[in-house]
Amino acid sequence: MLRIKRVPTVVSNYQKEEGGEATRPVGGCGRNCLKSCCIQEAKLPLYAFKRLQKAKGKDLALQECGEPPVAFLDSLILGEHLAACFCSLKFGSHLMAVGRTYAERAFPVIPGEYGFIAQLNEGRHLKKRPTEFRVDKVLQPFDQNKFNFTKVGQEELLFQFESSDDGEVQFFPNAPIDVDNSPSLVAINVSPIEYGHVLLIPRIFECLPQRIDHESFLLALHMAAEAGNPYFRLGYNSLGAFATINHLHFQAYYLAAPFPIEKAPTKKIAKSNAGVKISELLKYPVRGLVFEGGDTLEDLANIVSDACICLQNNNIPYNVLIADCGKQVFLLPQCYAEKQALGEVDAELLDTQVNPAVWEISGHMVLKRKKDYEEASEANAWRLLAEVSLSEARFEEVNALIFEAIASFELEVKAETSEEEVNAAKSKARPAKAMVAGTQECLVLQ
């Protein structure tokens, strides 16, 4: 049994020391929680999305994720997030600063081929609750005695996110919370990395442990598609890959710059009968697979979630990045926590206190010490992320497991790859101008 005593990121104001109780001014039990004592009369905005179906004669993979007019869900996320920042919530100055300064923010890009993004976030790792997690067990049962999202305050919830009953997008500004049907909720992350940092919590009252299933992954893809903004990405960390709460959730935020992983070259290795292309990352410090396209979001969700379930069942920690408005998914098995528990990570890397989860692996390096920020370089970022990656031999073994698990999708395996295909991803950098939802301002990246 391998354990690391580590301090997880605080994602809720009421994530606290074991045994400590914070009081809240309203609600049945005085805590305004999501349990039966407080939830009965609660209401939240409800965004009901339209399930995307295959357009006649048009493959979903061919639909571009550009810069459309501000989408309603896009503005809803940002509007509710800013309201939570500036109203009665005690979220701290770091959250307020993220909200206030987004239109003026510059992204410090580390010089080099990939453009890793460095961010100094001093103190983010200090306001946390000490917890012990097993790092050698990806699937662990839900424990209601530990912090979970039913313990957050209702004031931390932004809106409900569900599929529409009649197949059309609908919005209800003050809808009752249907506890019996366990809605999916969007909550604010009180330790944000970037603008609009939220949590998507599927079927919250079912108290699902942190493990991907078909329905929850499809929900995450729908959120990315509905936002319709190429700078809005969702991420997922499994247990053993730096998830800090064993209650099913995805994270998401806006970053108006391309993630380095999105610019990395790829090699196409297979395509499913439903049009999902599977590629392998090349010339990137972390080995991984890229899934793209498909006739519908459900086609993409099914094949990726089957791959994730395979990793879970084989006890392989992994991270997932959802990009390109839900049409591109990066699947990244990793082993950093295992190496850390076994004492195989260099002390100099451990001293940085960076736990490389989905955002760091994608190239957004959230650094905890000013020294590391000032000395940030592509070589340093590469060195840290190389420790995350599986060895080439182990990655081939894991790929074999994944392809066995998704064999039912009738894959056409590609034997050879042209140089043109290998380098195709070089042209995938995002445009230099990003619309900020809810405003008419544009952010120009230097």
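**Close-up views of a predicted model**

**View 1. Pro-260, tucked away in helix 5.** Let's start with a residue that is fully hidden: Pro-260 has a relative accessible area of 0%, so it counts as buried. This is a predicted model, as are all the views below. Pro-260 belongs to helix 5, which covers residues 260–263. What does Pro-260 touch, once its neighbours within four places in sequence are left aside? Its contacts are Tyr-114, Gly-115, Phe-116, Tyr-284, Ser-362 and Gly-363. Take Gly-115: it is 145 residues away from Pro-260 in sequence, yet the two C-alpha atoms are 6.0 Å apart in space.

**View 2. Tyr-47 and Phe-161, a stacked pair of rings.** Aromatic pairs come up 17 times in this model. In one of them, Tyr-47 and Phe-161 are stacked, with 5.9 Å from centre to centre and 15° between the planes. Tyr-47 sits in strand 2 (residues 43–49) and Phe-161 in strand 5 (residues 157–163), so this pair ties together parts that are 114 residues apart in sequence. Are these two residues buried or exposed? Both Tyr-47 and Phe-161 are buried.

**View 3. Phe-232 and Tyr-254, a tilted pair.** Here the ring centres of Phe-232 and Tyr-254 are 4.8 Å apart and the planes meet at 45°, so the pair counts as tilted. Phe-232 is in strand 9 (residues 232–237) and Tyr-254 is in strand 10 (residues 250–254), 22 residues apart. Phe-232 is buried, at a relative accessible area of 0%. Tyr-254 counts as buried too, because its relative accessibility is 3% and the cut-off is under 20%.

**View 4. Arg-233 over a ring.** Now for a charge meeting an aromatic residue: the charged end of Arg-233 sits over the ring of Phe-259, 4.4 Å from the ring's centre.

**View 5. Phe-161 and the nonpolar cores.** The largest nonpolar core has 62 residues, and Phe-161 is among those that touch the most other members, along with Phe-217, Met-223, Leu-234, Phe-291 and Val-320. Which helix gives the most to this core? Helix 6 does, with nine residues. Another core, of 38 residues, lies apart from it and includes Tyr-114, Phe-259, Tyr-284 and Val-358. Back at Phe-161, its contacts beyond four places in sequence include Leu-46, Leu-73, Val-186, Leu-200, Leu-219 and Met-223. Ser-184, His-222 and Glu-226 are also among the contacts of Phe-161.

**View 6. Helix 11 and its buried side.** Helix 11 runs over residues 378–388, and its buried residues are Glu-378, Ala-381, Leu-384, Leu-385 and Val-388. They cover an arc of only 135° around the axis, which means they are on the same side of helix 11. Their cover includes helix 7 (336–341), helix 8 (347–350), helix 9 (358–362) and strand 16 (364–367).

Note on methods:
Residues numbered from 1 in each chain as written. Predicted model: local features only at pLDDT ≥ 70, side-chain atom pairs only at ≥ 80, totals over all residues. Heavy atoms only, no water. Buried < 20%, exposed > 50% of the residue type's maximum accessible area, 1.4 Å probe, protein only. Helix = DSSP H or I, 4+ residues; strand = E, 2+ residues; numbered from the N terminus. Arc of directions from axis to C-beta. Contact = heavy atoms within 4.5 Å. Phe/Tyr/Trp six-rings, centres within 6.5 Å; stacked < 30°, edge-to-face > 60°. Lys NZ or Arg CZ within 6 Å of the ring centre and 35° of its normal. Core = buried A, V, L, I, M, F, W, Y, C linked by side-chain atoms within 4.5 Å.
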